[in-house]
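Here is a walk through one protein, meant for someone who has not seen it before. Keep the picture open and follow along.

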Amino acid sequence: MKEIAYDEYIKEATQALSKGAFLTVKSGDEVNTMTIGWGSIAYIWGTSVFMVMVRDSRYTYKLIENSDEFTVSIPFKGKFKEELKFCGTKSGRDYDKFSECKLSIQPGQEVDTPIIKGCDLHYECKIKFKQIMDPDNLNDQYDQKWYPQKDYHTLYFGEIVGAYLEE
């Protein structure tokens with residue numbers, strides 16, 4: 001692993017994120033990963049932050065609500081395409097995604113939550129703020145397009161405490 005500045009691969013990270021990345025959360029002995037296609041990397045509150053979004057209907061929501069950290073593992077160039085598809089359509093309530101997809105985990109360097117081995121870029125984050133979406137503040141077109149079932153996200157802002165390129 002090569003430690004990098006949080007923004008050194010920001011262009012590659014945001015391009016790859018739209019194709020899918022793994023959000024991994026650990027609470028107690030439970031670990032789950034899910035596919036995310038939205039998020040942002042920013043500089044706010046005097047620090048680097050990765051913001052991820054999780055709907056309360058997701059199994060990961062229960063875990064992240066009982067944790068203070070998460071990791072994001074981002075594959076480049078279409079790697080893990082089938083695994084991302086599986087982890088984005090199947091629930092950790094019903095499947096052990098790690099064994100089903102033969103995903104290897106590796107301990108985080110700065111957090112207790114593992115990363116997904118074999119991805120190109122990893123962010124380790126400590127949650128500093130969370131916000132439940134208020135639909136009254138959401139653009140009507142976005143509400144209709146992205147939330148027809150009214151299953152709004154909670155936004156989790158994690159201070160990036162580690163950023164690594166897998167060599």
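**Getting your bearings**

For a chain of 167 residues, a compact globule would have a radius of gyration near 15 Å, and the protein has 15 Å, which agrees. That radius is taken over C-alpha atoms, and the globule rule is 2.2 Å times the number of residues to the power 0.38. Along the principal axes, the C-alpha atoms fill a box of roughly 45 × 40 × 30 Å.

A word on what you are looking at: this is a predicted model, in which local features need pLDDT of at least 70, side-chain atom pairs count only at pLDDT 80 or more, and totals for chains, interfaces and linings use all residues. Residues are numbered from 1 along each chain as its sequence is written, and side-chain values use heavy atoms, with hydrogens and water left out.

The protein's secondary structure comes to five helices and 10 strands. Here helices (H or I, at least four residues) and strands (E, at least two) are DSSP runs, numbered from the N terminus. Of the 167 residues, 49% are buried. Buried means under 20% relative accessible area, exposed means over 50%, and partly exposed is in between, using a 1.4 Å probe and protein chains only.

**An enclosed strand**

Let's start with strand E6, residues 69-74. Six of its six residues are buried, so E6 is largely enclosed by the rest of the structure. Glu69, Thr71 and Ser73 point one way from E6, while Phe70, Val72 and Ile74 point the other way.

Which strands pair with E6? One is strand E2 (residues 21-27), in the antiparallel sense over three bridges; two strands pair if DSSP finds at least two bridges between them. In this pairing, threonine 24 stands opposite threonine 71 of E6. Another is strand E9 (residues 121-132), again antiparallel, over six bridges. There, serine 73 has histidine 122 in E9 as its bridge partner.

**A hairpin**

Now move to strand E4 (residues 40-44) and strand E5 (residues 47-55), which pair in the antiparallel sense over five bridges. Tyrosine 43 has serine 48 of E5 as its bridge partner. With two residues between them, E4 and E5 form a hairpin, and tryptophan 45 in the turn has a positive phi of about 55 degrees.

How much space does the largest pocket hold? Its volume is about 470 Å³. A pocket is found on a 1 Å grid over the protein atoms alone, as an open set of points where a 1.4 Å probe fits, with protein on both sides within 12 Å along at least five of seven lines; lining residues have an atom within 4 Å of a point. Grid points are joined across faces, edges and corners, and the volume is the space filled by probe spheres set on the points.

The largest pocket is lined by 25 residues, and the closest to its centre are Met34, Thr35, Ile36, Arg58 and Gly88. Two or more lining residues each come from strand E3 (30-36), E5, helix H2 (59-65) and helix H3 (81-89). E3 gives the largest share, four residues. By class, this lining has seven nonpolar, 12 polar and six charged residues. Ala, Val, Leu, Ile, Met, Phe, Trp, Tyr, Cys and Pro count as nonpolar, Asp, Glu, Lys and Arg as charged, and the others, Gly among them, as polar.

The second largest pocket has about 240 Å³ of space. Of its 14 lining residues, Ala16, Lys19, Pro75, Lys77 and Gly78 are the closest to its centre. Helix H1 (10-17) and H3 are the elements that give two or more residues to this lining. Its classes come to four nonpolar, four polar and six charged residues.

**Cysteines and the end of the chain**

How many disulfides are there? A search of the whole structure finds zero, a disulfide being a pair of cysteine sulfur atoms within 2.5 Å. The sulfur of cysteine 119 is 10 Å from the closest cysteine sulfur, in cysteine 87, so it is too far for a bond. For cysteine 125, the nearest cysteine sulfur, that of cysteine 119, is 14 Å away. Cysteine 119 counts as buried, at 1% relative accessibility, and cysteine 125 is buried too, at 0%.

Finally, look at glutamate 166, in the segment after strand E10 (153-165). Glutamate 166 is partly exposed, with a relative accessible area of 22%. Its C-alpha atom is separated by 7.3 Å from that of glycine 118, 48 residues apart along the chain.
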